[in-house]
Every structure is written in C-alpha cells, then in structure tokens.
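Q: I have this one open for the first time. Can we go through it piece by piece?

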Amino acid sequence: MAQLYSLVWRFLLFLLHSSRALFSWFRDRVRRWKGRLWERAIPTLLLPMSLVRFPDYRRILNIYPDTNGVVGNRNCALNRRHRWLTDGRSLEKLPSHIGLLVAEEEPSYTDIANLVVWCMAVGISYVSIYDNHGVFRKNNARLREVIVAQQEQLLGTEGSKFNAAFKSDTDKAHINGLSCRPTVNVLSPEDGKQTIVQAAQKFCRSVENKERSSKDITVSMLDALLREPKNMPDPELVVMFGPVGSTLGFLPWHIRLTELISLPSHRNISYEDLWGALRRYEECQQRLGQ
C-alpha cells in the first residue's frame, strides 16, 4: 500500500513540473510573438510621419554648439547657463575675485576666454588674467574679441546679460574694485613689483614736498597707496596653469591671504577642471591668526 501511495505522489509531482514547464514555454512564445508584432507595427505607424516635411532643424542645431564643439540645440545654452549658475550657488564659499595665472608658452586665447566665461557664469564678479611675459596685455584687443565670441557661443542669448567690463575702460566706475557687471582685468609683470616701486616713489615725493613725514609710513598707508592705481579687491583664489612653483610676480602685495591652486595646463581645459578648483577652494580652511 505504501508503494502505491509513493507512485501516486511521484505521478502528481511529474504532472506539476510538466504543467509549469509547459506554461513557461507558452508564456515565452507569447512574449516573442508580441515583440515581433510590435516591431512590425512600429514602422507602419511611423511611415506617415516620415512622409511629412519638417523644418530644417540642422541649421537651428548649429547655432549653439556646446563647450566641446558638439552640436546642440537652442536649449543647450540655457541649460548650461542654468547648470553653471546652480553650481555657483551651491558653493558655500565662492571667490568674488579669481586670478588666472598662465605660466605656459604660447597661451591659448580660446581656452582663457572659456575660463573667463565660466567664471562669470558661476557668479564670480572679478577675473584677473596674468602671464609673466605680458602676452595678454600686449594683445588685449584680441583677447577681448575672443572673450566676446566665446561668451556668445557658450551662453547664447543669455550672454548679453553678462557682458564683461574690461578694467581699463571702467576704472572710474568701480568702487572698491567691484561693479554691477563682471569685470575682466588683464595684468602683466609691470602691475606687480613695479606698483610697489611706484608707491614708494610717491611716498618719498610727498615727504620731499613736506606733505608727509617719514614717521607717517604705516602698513595701512602703504596699502592705500598700492590700491589707489588698481582700485580692485584682493583675489581670494589664484589658479596657476603650467609647471610653475611660484606666483611669477603676480600682485605680490594683494595675495597675502590668497588661496593658490595649480592645474597642469590651461589648454583644452574643461568646465569640470575649473569646477574642481572651486570645490577645492570651498573646502580649504584659512586661519588668519586671529
């Protein structure tokens, strides 16, 4: 009797497994059939749309290429601008004045212009550009043209809201080095140690003319003399590009409390590289000895 029960039990298990296998096979066949039916239906549904004549979108897409030159659409510039502005607002500490120190031979105007536009887009109001050979100062007009061109390319129609004011054109319009418009200042070695020499000469002439006494010299007075011709804030961050181990004469008086960050090169630089430097600046802790 026990053997009969065992045979019945095995027969029932065989039926159960057989029904499961048959059901799985049938379900798989139905899915494949539906998939093939859908694949055949898609071209049939899209055929009328392919016969409709759409406008020439290729011309529109070429208006605003993205940062790396890849074709985008009209919304690309707006999306980039929104992303960069959001990135700037997300930082707990954003420099109001950033210095771009280029220590490489044959600087790239386009890459520097991109850096300037990115800085303005994230909310930095003052950008200083410096190279120890004075190449940018000698070719100031060319640099301006490239910055304006990259501003239109990267920001699109939004670029008109962030037109840069070049320092040499707006010296009298600035108060403490800041204005309502983003400011670009092109510096050279003459703006460094030479400024200290000129401040010392000016003080000596005032003593010679009995306008001041030699006892009047103080740090605050010297600071005022050095800031008078430049009329700009101290840079909170200086990004140095290239194999450089020094500031190469970049505003020695103004960078006493400046954070220095080095990057390998400014050529083919991306927004992510600049964003990484800003993140590093945000994370740094400055102890001023107070």
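Q: Start with Arg267. What does its relative accessibility make it count as?
A: This is a predicted model. In it, Arg267 counts as partly exposed, at 34% relative accessibility.

Q: Which residue does Arg267 form a salt bridge with?
A: With Glu104; their closest N and O atoms are 3.1 Å apart.

Q: Is Glu104 buried or exposed?
A: Buried: the relative accessible area of Glu104 is 11%, and the cut-off for buried is under 20%.

Q: How many salt bridges does the count come to?
A: Five. One of them joins Asp87 to Arg83, with 3.7 Å between the closest N and O atoms.

Q: Where do Asp87 and Arg83 lie?
A: Both are in helix α3, residues 74-90, and they sit four residues apart, about one turn of the helix. Asp87 is buried at 15% relative accessible area, whereas Arg83 is partly exposed at 39%.

Q: What about Glu282 and Arg279?
A: Their side chains meet in a salt bridge, 3.4 Å from N to O. Glu282 and Arg279 are three residues apart in helix α9, so about one helical turn separates them. Arg279 is partly exposed, with a relative accessible area of 35%.

Q: Which residues do salt bridges with shared partners join into one network?
A: Arg83, Asp87 and Glu272.

Q: Switching topic: how many residues has the largest nonpolar core?
A: It has 40 residues, and Ile98, Leu100 and Val116 have the most contacts inside it. The elements that each supply at least two residues include β1 (97-102), β2 (126-131), α6 (140-155) and α9 (271-283). The largest share, eleven residues, comes from α4.

Q: What does Ile98 touch?
A: Leaving out residues up to four places away in sequence, Ile98 touches Cys119, Ile124, Tyr126, Val127, Ser128, Leu237, Val239 and Leu274.

Q: Which residues does the second core include?
A: Leu101, Leu187, Val238 and Phe250 are among them; this separate core has eleven residues.

Q: Last thing. What is the mean pLDDT of the chain?
A: The mean is 76, and 67% of the residues reach 70 or more. Over residues 49-73 the pLDDT is below 50, and this stretch has 27 contacts in the model beyond near neighbours in sequence. Residues 169-179 also have pLDDT below 50, with 16 such contacts.

Technical notes
Residues are numbered from 1 along each chain as its sequence is written. This is a predicted model: local features need pLDDT of at least 70, side-chain atom pairs count only at pLDDT 80 or more; totals for chains, interfaces and linings use all residues. Side-chain values use heavy atoms; hydrogens and water are left out. A nonpolar core is a set of buried Ala, Val, Leu, Ile, Met, Phe, Trp, Tyr and Cys residues joined through side-chain atoms within 4.5 Å. Buried means under 20% relative accessible area, exposed over 50%, partly exposed in between (1.4 Å probe, protein chains only). Contact means heavy atoms within 4.5 Å. pLDDT is the predictor's confidence in each residue, from 0 to 100. A salt bridge is a side-chain nitrogen of Lys or Arg within 4 Å of a carboxyl oxygen of Asp or Glu.
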